[in-house]
Amino acid sequence: MPEAKLVLQGVKKSFGENPVLCGIDLSIARGDMICLIGASGSGKSTLLRCINQLEPIDEGTILLDGQDISEPGIDLAPVRRRIGIVFQSYNLFPHMSALDNVVLAPRRVLHEASEALHARAAALFDRFGLAPHMAKYPDQLSGGQQQRVAVIRALAMQPEIMLFDEITAALDPELVGEVLNLLRQLRGEGMTMLLATHEMGFAREVADRVCFMDGGVIVEEGPPKEIFAAPKHVRTQAFLGAVLR
Amino acid sequence: MRKRLMVSVLTAMLASGVAAAQSCHEGKTLTAGKLTIATGNPAFYPWVIDDAPESGEGFEAAVAYALAAEMGIARDDVVWTRTSFDQAIQPGAKDFDLNMQQFSITEQRDQVVDFSIPYYTAPMAVLVRGIDGLVPEMETLKGLKWGVVASTTALPVVLQTIAPEESPLVYDDNINTVEAMKAGQIDAALFDLPTALYLAAVVLEGGQVLGQFAPEQSDNPDHFGALMTEGNPLKECVDTALATLKENGTLAAIEAEWLQEATGVPLIR
Amino acid sequence: MNRRQAYEAAQRRRSLTVAALSTGGVLAGLILLVPLAPGWPAVKASFFDATVFAETFPTLLQAFLIDVMIFAWSVPLILALGLAIALARGARAPALFPLRIFGAVYVDVFRGVPVVLTIYLIGFGVPGLGLSRPWNSPYIWGTVALVLTYSAYVAEVLRSGIESVHASQRNAAICLGLSEGDTLRYVILPQAIRRVVPANMNMLVALQKDVALLSFIGPVEILRQAGIYKSLLANFTPYVVAAVIFLLVTVPATRYADYLLNRDRNARS
């Protein structure tokens, strides 16, 4: 059993009176790719945002390499730079070129020297087939290209784990493929990843494990073959029945 | 004191000597044989001392008695009354023959009331705050920071007559100018003497009038005239008498006594 | 040229002709008809006297340099203070609550008080507390008054700009590990400032005109100088000269700003 990279224990979160996460336990090993599936509002996005501390959790602990990162009051910046996240809306900085989007954080946070940094960024663009678009501004790129730049931007910080929050949900269907290919490539390179996704086929193909969430809990988790072929839980069956019909 | 006495004697002498003027006022005054003169309520230093014109002390009081004497009216036949400034300047019947309270002769006013020929031409005067170490000489004035009111003719006087080293600051009105002086932004300001005396006495704490220029050194100065009802036949007598007083130096003597020596505002040369 | 292009070209030619004819007609009407008005010679003499124009132009141009100077050193101060106030108003940390209150009060006060009052209050009041020259200069404190007032306006404009940047931009920056300060500096402000450039341009045009208000506390800038000439020459042409000088500067400046904005917009699409 590989060492656990990220461990969630009894994580709870409510927005006001409204409980969103009701006790999540999850363990992610180094190099794992975990897919979170479930209906909208089941708590997938909130879970991702809690892991990177955009939303503080109410109860439970989140351990990154054994360190409790959910402890109130700790400096979050060093934690966040170890956890990359990409959102459904790409959130590129519109006033910067693609390259500047990518190098900003390494320059300001990691204090990397400009020449080495630019070389590294150029290599990233090259690796994911975006070298021709480096100098373009976000509004000159297609949605798929923007989302890939957003992934590169997160990768440039050299995170130890990547979170993806339905990153293909806002894309036109013909653009989904290029983003999923990028994820496949990342998996091939051994990145530890946690995805919230509606792409069931993709989850089935590449995930190490699939977690089905409903009502703020992980109802069922297991290898994709088991979850998709023989879901045990009745709610999982209902959900998959509806989406795979 | 001695000077004042001298002026009175002088005017008495002159009055008795002019027989022609004696008849001029007959039937033209409000009360036969008496001259009713109005002043302000109250009347101010240095125009009337202690608000008591009967004493003949103060510039306008002294001019009034000299004028009466020149017109052949005895000192006891001069009757004093009071009006406000605005009241006097309205058209219509009046309860005075003459009104003397620093009325500037202007064209607009001249259309509703009559003015005598001027008995005083207001010179420009230098208002300062704290006179220590300042001498009223041109050389000193050149080194000061000046302020003037934009709409007056003070600015050309400052620029041409004084020609200070630093360019003057310019304000909308007297109060702003005084305020700049309080703020220490200007050392000196140029007003006509009556205004300067008023500001120094009433508005500007610690204000003093450093000196005055000869009237001919100002451009288009204010002239003060005695005010009468429009078309008053007495005007002719008053003008003749004033002209004589001017010619024989009586007016200049009264001015020197009350507006230069009494106020302590020396002439700047 | 296809059918549609031919049609559109014809349309364009037609509108051009109509516009040219109507503009020319109005201009010709003005040039031919206005001089026929019975009062035109008098108006022309009062407002468009060529001799007065030539005579006053050099001095007025020089006085305009004072406006330009005050404007030039006010603008960076206004932008800096406006930014600081906007940031104070947007401070999120609970410990900075007093700063937020201060920012709100500041903006309310200086936007609510007429500029003229602020200029009097700061321009006369602060030096009146006992500053000595040159630190009591009306240029310094008048500038302070303008900066205080205009930074309040600029702060509000900037704050609306900052708030118009979507929260997701902030989140994205925070998630990359950028500090609050870097997020503001590299992500939020560049977008916010770009959005409020047109609004701030209008502000600067207004400032250019309000600089003239400093003349209330002494400086002889162009409008004051024009006013002095008006009194002196009894003619309004100096104001026309001032207007011409203003237009010579503001029209190209605003056009240039428009050009820069457009270029910036075009560069990114």
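In this predicted model, Arg133(C) and Asp187(B) join their side chains in a salt bridge, with 2.8 Å from N to O. The count of salt bridges between chain B and chain C is two. Polar contacts between chain B and chain C, with both residues at pLDDT 80 or more, number nine residue pairs. On the side of chain B that touches chain C, the elements giving two or more residues are α7 (154–162), β8 (169–171) and α8 (174–182) of chain B. Of that side, α8(B) supplies the largest share, four residues. Sorted by class, the side of chain B facing this contact has ten nonpolar, four polar and five charged residues.

The contact draws 19 residues from chain B and 20 residues from chain C. About 1400 Å² is buried between chain B and chain C, and carbon and sulfur atoms give 53% of this area. Within chain B, the residues that lose the most area to chain C are Val170(B), Ala183(B) and Gln185(B), which together make up 35% of what that side buries.

Chain C also touches chain A, and of the two pairs of chains that touch, A and C have the most contacts. This contact takes 25 residues from chain A and 20 residues from chain C. The area buried by chain A and chain C is about 1900 Å², with 61% of it on carbon and sulfur atoms. Phe93(A), His95(A) and Arg108(A) are the residues of chain A that lose the most area to chain C, together 29% of what that side buries.

Arg108(A) also takes part in a salt bridge with Asp182(C), where the closest N and O atoms are 3.0 Å apart. The salt bridge count between chain A and chain C is one, and five residue pairs are in polar contact, both residues being at pLDDT 80 or more. The elements of chain A that give two or more residues to the side touching chain C are α2 (76–80), β6 (83–86), α3 (98–109) and α5 (143–155). Of these, α3(A) gives the largest share of that side, five residues. By class, the side of chain A that touches chain C has 15 nonpolar, four polar and six charged residues.

| Chains | Buried area | Share from carbon and sulfur |
|---|---|---|
| Chain B and chain C | about 1400 Å² | 53% |
| Chain A and chain C | about 1900 Å² | 61% |

Chain A and chain B do not touch, and their nearest C-alpha atoms lie 48 Å apart.

Technical notes: Residues numbered from 1 in each chain as written. Chains lettered and ligands numbered in written order. Predicted model: local features only at pLDDT ≥ 70, side-chain atom pairs only at ≥ 80, totals over all residues. Heavy atoms only, no water. Contact = heavy atoms within 4.5 Å. Buried area = accessible area lost by both parts, 1.4 Å probe. Salt bridge = Lys/Arg side-chain N within 4 Å of Asp/Glu carboxyl O. Polar contact = N/O pair within 3.5 Å; in protein donor to acceptor, adjacent residues only side chain to side chain. Nonpolar A, V, L, I, M, F, W, Y, C, P; charged D, E, K, R; others polar.
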